[in-house]
Every structure is written in structure tokens, then in C-alpha cells.
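Biologist: Please take a close look at one part of this model for me: the place where the two chains meet. Walk me through it step by step.

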Number of protein chains: 4
Amino acid sequence: MNFASDNGAGVAPEILEAIAASSRVNAPAYGADEYTARAQARLSEVFETKVAAYLVATGTAANALALAALVNPWDAVFCHEEAHIHDDECGAPEFFAGGAKLVGIAGEGGKITPPGLMETIERFPRGVVRSSQPGGLSLSQATEAGTVYRVDEVSELSAIAHRNGIGVHMDGARFANALVSAKATPAETTWRAGIDVLTLGATKNGALACEAVVFFDPARAENFAFQRKRGGHTLSKGRFLGAQMEAYLADGLWLRLAERANASARRLSRALSATPGVRLAWPTEANEVFVAAPIPLVETWRAAGARLHEWTTRSLAPENAPRKGEMLVRLVTSFETEQSEIDRLAGVCAGVPASAPATP
Amino acid sequence: MNFASDNGAGVAPEILEAIAASSRVNAPAYGADEYTARAQARLSEVFETKVAAYLVATGTAANALALAALVNPWDAVFCHEEAHIHDDECGAPEFFAGGAKLVGIAGEGGKITPPGLMETIERFPRGVVRSSQPGGLSLSQATEAGTVYRVDEVSELSAIAHRNGIGVHMDGARFANALVSAKATPAETTWRAGIDVLTLGATKNGALACEAVVFFDPARAENFAFQRKRGGHTLSKGRFLGAQMEAYLADGLWLRLAERANASARRLSRALSATPGVRLAWPTEANEVFVAAPIPLVETWRAAGARLHEWTTRSLAPENAPRKGEMLVRLVTSFETEQSEIDRLAGVCAGVPASAPATP
Amino acid sequence: MNFASDNGAGVAPEILEAIAASSRVNAPAYGADEYTARAQARLSEVFETKVAAYLVATGTAANALALAALVNPWDAVFCHEEAHIHDDECGAPEFFAGGAKLVGIAGEGGKITPPGLMETIERFPRGVVRSSQPGGLSLSQATEAGTVYRVDEVSELSAIAHRNGIGVHMDGARFANALVSAKATPAETTWRAGIDVLTLGATKNGALACEAVVFFDPARAENFAFQRKRGGHTLSKGRFLGAQMEAYLADGLWLRLAERANASARRLSRALSATPGVRLAWPTEANEVFVAAPIPLVETWRAAGARLHEWTTRSLAPENAPRKGEMLVRLVTSFETEQSEIDRLAGVCAGVPASAPATP
Amino acid sequence: MNFASDNGAGVAPEILEAIAASSRVNAPAYGADEYTARAQARLSEVFETKVAAYLVATGTAANALALAALVNPWDAVFCHEEAHIHDDECGAPEFFAGGAKLVGIAGEGGKITPPGLMETIERFPRGVVRSSQPGGLSLSQATEAGTVYRVDEVSELSAIAHRNGIGVHMDGARFANALVSAKATPAETTWRAGIDVLTLGATKNGALACEAVVFFDPARAENFAFQRKRGGHTLSKGRFLGAQMEAYLADGLWLRLAERANASARRLSRALSATPGVRLAWPTEANEVFVAAPIPLVETWRAAGARLHEWTTRSLAPENAPRKGEMLVRLVTSFETEQSEIDRLAGVCAGVPASAPATP
């Protein structure tokens, strides 16, 4: 019953096989190989436009480099106040962007709202030298609350940003999970909705270590190769990034893996919601489930072997906030989550003894 | 006949198998896994002292982060004028070290000499505010010229550095190749010879993407976890770094792989040296061979399918420098280099037609 | 009726004379002069402890360098959400501190409260690598709202910071104004209340361009000379900074100048408060007056020649916030503000025509 | 006999009076004042083209900010190996330019030569990602050796730079001294000879603390106001920079001050050259005199009260290098140097006892 993190999963077999296969040849170094070239071409197909795409090994790098390409050091980057880039990357965006300022915006369910964005932008008047300049907007898709921006929500926020001369980044560490949830095409969810640069995660969804930074306007990527290199993010055996991304996108693997994780999350969400005393904090729209539950119940889950994280947030409507005696917890599913793990936790919820797992 | 780069090789089977095996479990994220713990413990054993070791995916990151841990932003880092950190990392050390200044020191065969180091240090007087401060010394082992510092050479340079309050880094992108060449133990070659922090490369020598930053005084690593994280170099599925390094060090695999590459280089070196008109630029002490050869001869090699790089250097004694009509070239071997590749190039040298490879 | 900024004032005659006098000699460059030495000694006397003090020409530099000396690049700096360092320095602290993250804390009247500080610190758990680390607390004294922290307020906030291993900076751009208002000694207001490093402003209060960075624990200043130099803030003719600071502190000049500005602010505050429809936003405790006033009345003031700034803030209790038809404005006094300017604005408030100034 | 530094001088009376005069008014803050506007307009007149000019208080800031505006963080900046920006600013250019790499070029008499520049540029191939990119060329005028580039020398170097897509900076800390020496117009010496951005020093030549960063193509200055602000180099009472620069340029004051210093240097140079055993290291073309002299003679000078610096350099032809028993020394004159100081040193050289100064 491992619901601690989708980073705990291994590598999808198709991707592992692609790595092994690409290891059998001698390939040019530093990304000049054919695997990378094919992955890049595939990304242009997937997004139905000519993109400039660069592969790196971590989501932190992908986000920080993408933002560094988008903004100046004297700029502000607007994001949700609990965005991963703001709270969970130890200042990596500030480091790569030369000291740019991340500005958090409050919003329920991990989402920035148009009024919240507009009010915040107003505090950073363009051309006023004492002020950090409005430089970038970063949207997390799926959000830190496991919710998914609808296409029209992305469009509206992007439009506000663009009207104010602000470039738009999407942190898609869980982009595939959001995509299959939104029932929209990759193009619709991104550049057609105003996204300028996307961090497309693969690691949490089945890769070993691979993320793509996708520029929908290749001109924005002019200096990216230098920025990536001096960030230490140009792999010498770059073909292994190419091979992962190629396999990830081949035959819809990425969508199948994401749908599997999402389906597990929906089942888990239903099981927990049906448990007396347990309330969903936010709707389960991707592969994360957040519930407020009585502390003793959570202890029972843990005693039965469930791994999950206590959660704190400022992004919760008062009526959904944990009350006295309750705890907010996060449960994450992955492409590897087994039906049996969910059944077992459901059994614990239903009072089936932990020592007798529902499925062996 | 691929002698272009040791980065062109794939992954050693033992390491690929370790990756696949570690993929089968659910493991804690961000390096808190048992594979990483075992790799770290193994590094302490290998170096016969308690080290603080951190794994990253690229040599650029390992070097830049190691230097950033060693020096202040207002410091100078002394290195050979053709050191990889100075010439080939697009300013990564400067980026990570907050704008520290790399100062190149001339020296034949890629080596810094004690007088060269002392004269250079004198130009950076400690405590004189207008001057960058003497902060770090970086030695490449093996060097960019394919030579290997002897233990006593390392000791002498380190002693000069330490007397001047300067920490010492070793760029061991090809550390294993140097080690088996030097016929000394890992401890003798490093901390016993005054090295404070080592970049221990595995990628060029059989890993997929894995390097260790090894601090011989763990106190120096106090902030390294934060520096690595904000550099985007903390892999979410960190167990794959741990698994690589564990397999690399297990049962002397790293030494066998390095010896295989070095042996190929020696054979190649002998074959080329025996060819009329070809002169070795520097002794072949690791897995790189540098020769000055008549341009038409090099063209013959290339026409026969040999992949190699033309080389420019300021690190060559005049008597060994390419003369009119000659070209300096670099040939690199790896653990994957086949005897047949060397035989075939030897055959080309000996006038055997390229269309008839010596070994099928 | 110039109430736009205390930066509009000239130089106090005593300081201008000190500049002229120090110009008549040939003095060692870069701060090795006797004027600077005397100013430093005087600062130790004024603060009743041996301080390490460095002079620079701007408040932005003083703040940014002080913070850079206090925190690591991977740290968070806690400050009021409307602190000058956060809102008005174009990211200078982030630049100098290598990308550290400024974290704003809400609080009425420009002040951080103990609960606000504690809740914020909790969001940055020490040792958790994904999180920026709790590094610094910066208190503005006087605040951006023209209020002054009481000594016990400073002590309580500093104690919370220190308990959490956090260093404490005071942005004293208007330190003298706060000091004469608080009726405490320089020592009581700073290091005895837990301040580790103070930006002591002189420019707004009568200097040409001079601020001191004062370290109460000289060990913290170990590298400051290098940081200042590479920031370009070491003046070649450093004696002119020394001469300004020496004159500023001589015979209590700084306190007299500040008291003059504060007294003007109090008079102005009384005159405005007495005007029907005008409400003080916050108590007038230093040399800034903030009032909510009917827009037509503000227009009358401006038409009469008053220079002042419209103000926006999130630091205002709802009952004091501007209502429909009102505007929040800031009026600043300086040591040069004339009684006649205040009388004249008071006259305008009282309906005396602007074309007939109350005092000629 | 103060020949230690031109930074030891005070402020020229005309400039001090301008400061005092501008102090008598209330002026807009942060450079929005009329003094600054007039200084900027005057700079456009002086250079016979519309320039974008920004004033700062130090030469370190002017140089570092100018370079940061010219190059990317992943670029190399080419300069003489003993350039002030490389050797004497504690890494300020690296700090402001985000970690750009300064690359020193050897050259006699402090000058870069066309072959030296071309060979160096070749080591930084454009578009090759592992390499720092060719970004900027910085010429010191006058040089660190007290020599002056002729207009055609500047033109030739600039042309090489521009052909390679490299912007050209001139470090004119002693620009006025070079200008009156070169007998060319400001325009001829700068933008007509290919300079893109000039650091125009005033401090060493009579100002209190004032340097201008002059962009000959205003488009290059697009972000400069932000870069200056976050560097802490936007003075709140900016009118004092404006007043200094306005007075400096008024009625040719800057040229008269520089000619006075240069004339003193020529006299000093003649007196020293005529002394047996003393040899000029480089021609005296601005306000610095470098001589190799017998150590006992230098001791005599010092005993007589002469203040001067021992010098070390790699920029000296072998025939001019100090021999055994000799010392290389630098003597600097300023606009304040008195004829009597030179006469007195000349007297010491001629054997007149130090206790009886030639002029009282």
C-alpha cells in the first residue's frame, strides 16, 4: 500500500527496454544522437506544431531552466503560493534565473484565479525601476492539490499574462495525468491555450529520469542549449534521455500509464470517500487523493502498512479544512499501483483486519 | 573504429542489470533509498575512510557542485589552462560557484607544475580586497592530455595549495583509468595525497549517467544537499544513481572496465607509434591517445571509417608539436573498444586496404 | 510643500562642510583613510559595543549586502510583505544573496507579529532539502507604514528567530527617526534586542549618500569586504563616506536632524487629522504620515502645490482602509521641512486659498 | 610627494561647488532630477551622438554593469591579462554578468594586439555548446601600463570583435587622460572607432564619486536601469551624481584636469628618465609613470617622503624588465599634483637631501 509518492515507482518495461536497446550501439554524445532527434520530432507531432524540445534528467532542472529562459533576473514569476517551484525546489528557479523573484498567489485547490492573477500583476508595475518586473506566469498542471486546470481556465490566465507582456510556463510534472483527465489534446491544453513553454514530465509516469522542456515558439529557446550545459544538465550519454522520451511517447504509452494511475486514484478516492468520517479535500482529478480523516483512522491505515504523507496547505476552503481530531493526508497513485493495494486499504477502512490483506 | 569519445559507449551489462533490478521495487525518492546508502558505504570502503558522497547524473554537475562547495564566489580556482572545467563546461563552475574566477595555469602534457602553481597563487594575495582570493585548486586525473599525475605529483601540488589555505579538488571524470594506470590505491591517489573533494566519474567508464562527489572531510559537505537540490541535480528516482554506483564498484568492476579501456589505448598507441611519420604527443597513460600525423594519413584513417577528433592544444612541447602538413588528433578508447577496431586501424596504418578489415 | 520623499532633501550643512574639509587632503583610497576609521570608532561608541562597520553609498546596497552576509543562497529571508527590501529594490537582495528567497509576512501597520513569524518559519523546515532553509529575518525600523517597533517587539521577534537559528537584520533606512521616537538607546534598539546586523541610514536624514552596515558580531563580517568590493560598493575616495558618517554622528547631529523631521511629521499629522473627512491610516511615529482623505480634498492639496504620493497597501485594518471616494496618501517630512510648508497645507485644509500661503 | 594613486586626490573646486549648489534645492529622487538630465544631454553633445548614459558612484560598478549589459552569463569577455576588470575588482564583472568568464590576453605595455585577440577568439567557437561563447571585448583606455591605444588601434581591435559578433567595452577610468593624450575627439576615440559602451571615469580626475556608463547604441541600454537598481547603484539623491558630471564636463573642465595630471606625469617621467640607473618601463602617455630603478634609489625616494607602489607585471618586454637589484615602481599623478612635488623628487634623484625640499 505505497501511496507515498509516484517517485517511488520503477521504470515502465517499455522504457526500460528502450534504454537497454539504445545501450547496444555507439552513439554521438551530448544529445547529438538519433534517439534524441526522434524524440524531438515526436514531440512536434504530439503537440501538432514545430517545437524546440530539450531533454533533462530532473523536473527541478526542467522547471528552473524553462523559467530562466522565460524571464530576466530582475523579473517576478507569478505562481500559486504552494506551487512546487516555489515550495519544493530549494530555490532552484531563483538560482537558474539569476535571482528572479517568485511571487505566490493564493487560490483554492491549488489553482490561480484570474482576479488573483490580476491583482498580483498590478503590484509589479512595468517600467517602474524599483519594482521587480512582471516576467512570467507558471501554472502547475496537474496542480499541487491534484486538481486539473480546464482548458478555458488556462486560456483565461494566459490571456491575462500575455496582455501584460508576461510569458507563460506550465509545470507539467504530471502533465500526462492532467491531459487524460482534461480530455483535451496536448495542443489544446498548451500552446493553443497560451502556454509558451512546457515542462513535460515523464519520470513520475514511468521513465527512469527524463523530462522535456518544450518551447512552442522555438525562438524563445535561442540560448537554451548554453543554459542547460552550464547548469550541468546536458547528459554525456544523451541518447538515454532520447530513448526514454521516444518510448514514452510511442503508441500512446504515456497516456496509458497516466490513465492507469488516474484510474487507481479514482478508485482510491471512491473507497476513502465512502468511509465514514473521511472527506475529500479537493476533487480527485489526476493521480493524487487528499482527504481529511480522523487521526485514529489514519493511524489504522498506517498500522496496516499504508504509506502516505500528512499534508499542510493554505489552499483549502474552510469547510473542507481538517477539524480538531482530523488530519489531512495525501495519497498518490502511480502506473504501478496495484488494484490489490487499493482493495486492501479499502478493506482496512471497512474494518477488515490489517493482518488479513484483502488480496494476497 | 570509433575513437571519437568514451561517451559514445553504452552501459556495462552489470550496471544495466542493476538498473533493471532496482526498477522492480518501490523505493523512497530523492536518494533516501538503500541502493544509494549502499553505494555511499561502498565508497567509504573503497577510499578507506568515512566519506560524504553524493551522486549526480553528469560530470559537469559533479565538478561544478564540488567547486561550489569548496570556494566562495569571490575566490579564484586554479586549474590547468586546458582543464575541462575551464574550457568545456560553458562556464558551469562559474555559474554554480556564484561567479568565482577560473585561472588557467600553463603546463606541458596537461599537468600543472609546482612552480606554475606557486607563481599563479602569488598573483592572488590573500586578504587584498581588490583581488579574487585564492580558493581552490583543481587537478584533472587523468588529464586532458591523457596523462596521469603520479601520487607524489599530486601530493606536492596539494601541499602547496594547503600551505596557502587552498582546498583541492580532483576532476576524476576518468579517475578509474588514472587509478589503474598509477598502480596506487584510491586512498593513496586522493586524500592521502591531499585531495579534499573528488569528482568520481562512472559514466565514461560504463555507467548510464552517474558520477559521485566524494568529500574526504564530510564537514565540507555541510550544505551540499541544498546546493545539489537547487542545482536540479537531485534525482527523484535516486535509486537509479545508487544502483549504478553500487554495481560500478562491486567486485572491482570499475577497475576491470578501466583496465580494458587502458589496455586498448596502449595497443592503439603502440600501433600508431610504430607507423612511419606518426609521433605520440604525450605518453599514453590512460585511455586517450594523442598523435601528430601527416594529414593525408589521417585522411586515410577517416576514409577507412575511423572516428577521431582533430585536437588543438597549448600544452605541447615544441618538439612534439604538429609540423607543417601534420595534424594533431585524439583517439579515445572505452571499455567497449574491440581488439578488432584497433587491429583494423593498425592495418590501415600498415597499408592494408580499408575495404578489407583485418578482423571480420 | 514637498512631502513626496525625504530623498528630495539636500545635505545637512555640517555634513557638506565635512565633505569639503576632507577634500582638502590627500587620503588613502578604498576606505583606508582616517575619516572612515573615526566613523567606525564612533559607531562602536554609539552602539556601546565593538562593531564591524562598513560604509556604502546606497540603502539598497547596504540592505542587500547585509542580507548576503547573513544568509546562504538556498535560504529564505522573512520580512514584512511590504518591506522595502521585498517591494522596492528590484530584486537586489536576491541578486546579492545568490538567489535567496524573500518571504513576505502579512501584518498591520507594516509590522511582523510573533504569530505571523512563527507560522511562516514552520513552512520552511530546517534540514528538509526540498525547502528553502530558514536563514534571515529582516525588520524595517521605522516600518514602511511610518510606525516604529517597540524595543520589546523587536526582542520578541528576534528571540523567535534566534530560537530557530535565524539571523536578524534591521533595515534602518530611517533608523534615527525610529530611535528618537522609541526613546531608547541605539544599543537597546538593536543588539540588546537581538539584532545581528543593522543597515544604518544617513542619506534620507541629511547625508549626501552614506549608509553603514553595522555588524554587532564582527565575526559575521568576515567576508564582507570582498562582498562589498565585488558589488562595486567600495568607493575609491572612501574618505568621503567616512567624513559623512563622522559628521552625521558627531555631537548628536543625526538625532537632531531626525527629531526635526519627526516633529514636522507630528505637526503635519495633527493638522491633517483635525481636518474633517481625513483619517490617519496608522499612528505617526517617525517622519511619514499616511492618511485616507476624500479625493477632492487631496486634489485641492495638490492644486495648492503639495507634493505627495498616492499609496496602496495590504497592511491596513479594514476600518482604516480608504472608502469609496477616498484616497490613501503618504506625506514624508525631512530635516529640511519648513514649518511654513506644514502651516500652508494646514491652511489649505482649513480652506485658506492656496494662492495665499500662510507663511511667506 | 604623493604618487601612490590618483584616488588620493580630493574633489576639484568646481565640482565641489556644484555639489553644494545642488544641495540647496529639493530634487526628485533616483536620478529623475534636472542635474542628471543636463549631464546626460551634455554627454550626447560631447560624444556628438545621442547616447544613453547612466551615472554611478564607482568605477567597479560602471565596468561590471556595462559588461553585464553587453554579454550573457555563458559568454567570455576578452581583456588584457592585467586589465583592472580582471585583476583588481574582486570578481565584480563575473558577479554582475552572472558568472561570465573573463579571458586574459597577453600583450606588451598593457595593450591587446590584433593577433592576440584573434587567436583567443578562435578558442571560443561560436555555437559550440561546451564552450563559453565569444561575448565581449574590453579595452582599458588608458591602459594599466599608462599607455594609450591610438584611434587606429582601437578601430582595428573593434573591427575584429564586431566581425566575430562581439560587443566592445572601453574601461575609461582614465578616459580623459587618454583623450588629451591621443589628441582625438571623444567621438573619434570611442564609437567612431567601434566602441559600443564606455565607462567614463570622473572620480580619479576630480569628482567625488562619479562615473558614467555611456551606451552609444541606446538600444543596448534597454534593461540597464533595472540592472543598476538591483546592483544597488541607483543613488537616492541622484542629483549629486548629475551635478558632478555636469560640472565635470562644463567648459572643458575634465580636459583641463586631465591635461594637468598628464603634464605632471610627463615632467616626472623626464626627471626620472634622466636619473642614472632609472629606465622607463613603458612610454608615459597618460598620468602614470612606470620605471625600473635600483632598489637603494627607490628606498631613498621613500625615505624622502615619496609615496609610490612597487609593481609586478607580465606585460613588459624582457629588455625593460627589472634586473637583479632593481625594482619596478609606479608613480601616479593627479590634477592636484604640485610642481613642487615633482621638483622635490627630482632633487632627491639629483642628490639633494630629502630634508631640504627643493620647493618649500
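Modeller: In this predicted model, chain A and chain B bury about 3,800 Å² between them. Carbon and sulfur atoms carry 56% of that area. In chain A, the residues that lose the most area to chain B are A:Phe95, A:Arg230 and A:Lys237. Together they account for 20% of what that side buries.

Now count the residues. Chain A brings 47 residues to the contact, and chain B brings 47 residues.

Next, the polar side of the story. Between chain A and chain B there are 27 residue pairs in polar contact, counting pairs with both residues at pLDDT 80 or more. The count of salt bridges between the two chains is zero.

Which helices take part? On the side of chain A that touches chain B, at least two residues each come from α1 (13-22), α3 (59-70), α5 (92-96), α10 (224-230) and α11 (239-249). By type, the residues on that side of chain A split into 21 nonpolar, 16 polar and ten charged.

How values were computed. Residues numbered from 1 in each chain as written. Chains lettered and ligands numbered in written order. Predicted model: local features only at pLDDT ≥ 70, side-chain atom pairs only at ≥ 80, totals over all residues. Heavy atoms only, no water. Contact = heavy atoms within 4.5 Å. Buried area = accessible area lost by both parts, 1.4 Å probe. Salt bridge = Lys/Arg side-chain N within 4 Å of Asp/Glu carboxyl O. Polar contact = N/O pair within 3.5 Å; in protein donor to acceptor, adjacent residues only side chain to side chain. Helix = DSSP H or I, 4+ residues; strand = E, 2+ residues; numbered from the N terminus. Nonpolar A, V, L, I, M, F, W, Y, C, P; charged D, E, K, R; others polar.
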